[in-house]
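Here's a quick tour of a sheet and a helix pair worth a look. Have the structure open as you read.

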Number of protein chains: 2
Amino acid sequence: MDLHDLMRRLHVKNTSKLVLLVADGLGGLPLQAGGKTELETAHTPNLDALATGGVLGLSTPVLPGITPGSGPGHLGLFGYDPLQFQIGRGVLEALGIDFDLGSNDVAIRGNFCTLDAAGKISDRRAGRIASDIGTRLCGKLDQIKIPGVETFVRPVKEYRLVIVFRAVGLGGNVEDTDPQKTGVPPLDPVARDAASQKTAEIAKQFLKAAREVLKNDAPANFFTMRGIDKKPAIPTFEEIYGLRAGAIAVYPMYRGLARLVSMKVLDAGQTLDDQCSRLESAWNEFDFFFVHFKYTDSTGEDGNFAAKVEKIEQLDAAIPRITALGPDVLVVTGDHSTPSKLRSHSWHPVPVLLSADSCRTDACTSFGETQCLAGGLGQFQAKHLMSLAMAHAGRLEKFGA
Amino acid sequence: MDLHDLMRRLHVKNTSKLVLLVADGLGGLPLQAGGKTELETAHTPNLDALATGGVLGLSTPVLPGITPGSGPGHLGLFGYDPLQFQIGRGVLEALGIDFDLGSNDVAIRGNFCTLDAAGKISDRRAGRIASDIGTRLCGKLDQIKIPGVETFVRPVKEYRLVIVFRAVGLGGNVEDTDPQKTGVPPLDPVARDAASQKTAEIAKQFLKAAREVLKNDAPANFFTMRGIDKKPAIPTFEEIYGLRAGAIAVYPMYRGLARLVSMKVLDAGQTLDDQCSRLESAWNEFDFFFVHFKYTDSTGEDGNFAAKVEKIEQLDAAIPRITALGPDVLVVTGDHSTPSKLRSHSWHPVPVLLSADSCRTDACTSFGETQCLAGGLGQFQAKHLMSLAMAHAGRLEKFGA
């Protein structure tokens, strides 16, 4: 019996409210051995109070040593084994711009780029063109017609776009055309299996037409394709857990991830305060809320320790608005670590804080990696976090007599 | 290679003695954050001495967040993955009254109930009739004859009984007839698969006859059926571990669980002192003893923190009689947590104490949840406890050259 079948069988409904507050890339590293991490450096009186009355632990997003992307990181938090459910980046991007992706669709993440006179990439992000330019160019590309397939081109943000091919029988297993460096031409789309030959052929035709369409639009005179994939069959969050789930996320990808498991994506503004307001206004409509805070990750990726500390303090300041709502279970964690020392996602276990009346408190009195290591939840795979949250909310019946 | 195959391959025999002392529902919760659990509150000088010289840890009976019933809880302790070996309640009850359940038998747990004039259940436990009344009524029901099937009816205790249908080709997948509430009639038995259609039909006929037999026996004028199931194929404890195992348990279900894995069930009296005497008298006949103490669970389910503390102190007082026998490995643990705060089984990890000359001692000096969290065994799935006990008894060869 797999974890989802177990959840399907054991879950019950009650009036409890659960909040999963994800600070993207929350886990960190000290800059020097023996020093403090970003989370430990930050002044976080509200999180520390929750830690004192709650229980801490460390989660492993995928497996020890494995650094997750945002997709696997979030799927793990939602209780989906990231090794079992693998999601292409193109699919995430499409979901994140509210594109209604169907089962015959292949989704592709595009990056506008600059080609020099020799056809080699001189800028992989086309000088980071403004969003309105990207939008206009996507409008032109959306006019391209390829026989036997419907094509859609949509802007995401700045130099990023989504391309969708829709036809029966398209495989989603095609290599990226982005060579990941400049000074070389874009790659041709290459199918990795027979079922994706037709997709690769369509992509080739589409890229040929696009080159003509964009030829006078430097710096955005071409685009590369990445994360080509189809939407996988994935059971819904509500079917597994019996939870009506609302997602409050600013960035498209995280909305896309929530939509992938059929959470309801709620519109909110751009700030954490806006997100809290949306949480308040939606409180009675849902059982479970996924609230996503991006900036702990982006500051980590920038290698800016002090800025990440500041973002964690902003997160801490939002806690009283959340606890004022009286959630039965509040989980604060990350989808992975993004130590500013490494300027990237990492494999290090992720701090977890679970606050609920039914938790077995531990000796921890502040939220940080060192205390989490001594926390009562121990170290566990992220895919079990939802079971723990459900249990603490009284939403799981006992297993067996 | 699964865990059992590994044990089969690695186990060796020697003269060591192992004792698994299970305090049912041992794990608890503090009543207030920062307070002590039942186990931490109890004065347990003997257990603390064992903790000082031994090694502690926390076990997860099934998976994080999953609350086990007694069956899965004990199977885990015996080294059987509770998700792989699922046992119906009827099977447990039948095993617990020494019914010799065979492979053609479907076992059913019955509850005498009271039907009102309209045929609706007015009391799901028939006024908790005395055991002698239950026994007499079971004698009447045992006379019922259904063509093509042998039927057996046996009393368990008070309003509880066991019904067994014996015939070739009976499936065990039939819904409960207990509607779990009063004011409605009992449900009809409904097969969940084709192989169980015949079982459901027999159950219907049997219930029809039983209604006639019991019509003048109010308050016990009918009974409901629950936990309808067949005995699963389960490897024996001796075959896996090479241990001659004796079980000393007062309550039927725990004797049933021991018998399920083919332990020898030893008669003992009703008290822990009686159980210790039986342990002493059987010491030379077995390699492994499962000793079950029920009252830590029942006081927890009553929500009686002080009474659970007292029962733990009773358990502690029995330790010297056990250690006087000189077991090579003594494990003290629970099958799950039953915090009196929650008045029910729970998912919280279970304290484990392992005492053996070969253990790597940790810094723990008393037996309690907080110290267990820092214990040398860490947090582990209960199904690995038997491997640890076997290893500490010198009964496992090394794996690989």
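Chain A has an open sheet of eight strands, in the order 9-8-10-1-11-12-2-13, and the pairing is mixed. Strand 9 (264-265) and strand 13 (378-381) of chain A sit at the edges with a single partner strand each, so one side of each has no neighbour in the sheet. Keep in mind that this is a predicted model.

**Inside the sheet of chain A**

- Strand 1 (residues 18-23) and strand 11 (residues 329-333) of chain A run parallel, and five bridges join them.
- To find your place in that pair, look for A:Val19, which stands opposite A:Leu330 in strand 11 of chain A.
- As a reminder, strands of a sheet pair through backbone hydrogen bonds, either parallel or antiparallel.

**A helix across the sheet**

- Helix 14 (residues 385-392) of chain A lies across strand 1, strand 10 (288-293), strand 11, strand 12 (350-355) and strand 13 of chain A.
- Helix 14 of chain A runs at about 155 degrees to strand 11 of chain A.

**A helix pair in chain B**

- Over in chain B, helix 4 (residues 70-77) packs against helix 9 (residues 252-260) at an angle of about 45 degrees, and their axes are 10 Å apart.
- That angle is why helix 4 and helix 9 of chain B count as oblique to each other, and their crossing is right-handed.
- Helix 4 of chain B brings B:Ser70, B:Gly71, B:His74 and B:Leu75 to the contact, while helix 9 of chain B brings B:Met253, B:Tyr254, B:Leu257 and B:Leu260.
- Sorted by type, the residues of this contact between helix 4 and helix 9 of chain B come out as five nonpolar, three polar and no charged.

Methods. Residues numbered from 1 in each chain as written. Chains lettered and ligands numbered in written order. Predicted model: local features only at pLDDT ≥ 70, side-chain atom pairs only at ≥ 80, totals over all residues. Heavy atoms only, no water. Pairing = 2+ DSSP bridges. Helix = DSSP H or I, 4+ residues; strand = E, 2+ residues; numbered from the N terminus. Contact = heavy atoms within 4.5 Å. Axes fitted to C-alpha atoms, helices over the stretch in contact; angles between N-to-C directions. Parallel < 35°, antiparallel > 145°, perpendicular 65-115°, else oblique. Left-handed = near helix turned anticlockwise from the far one by under 90°. Nonpolar A, V, L, I, M, F, W, Y, C, P; charged D, E, K, R; others polar.
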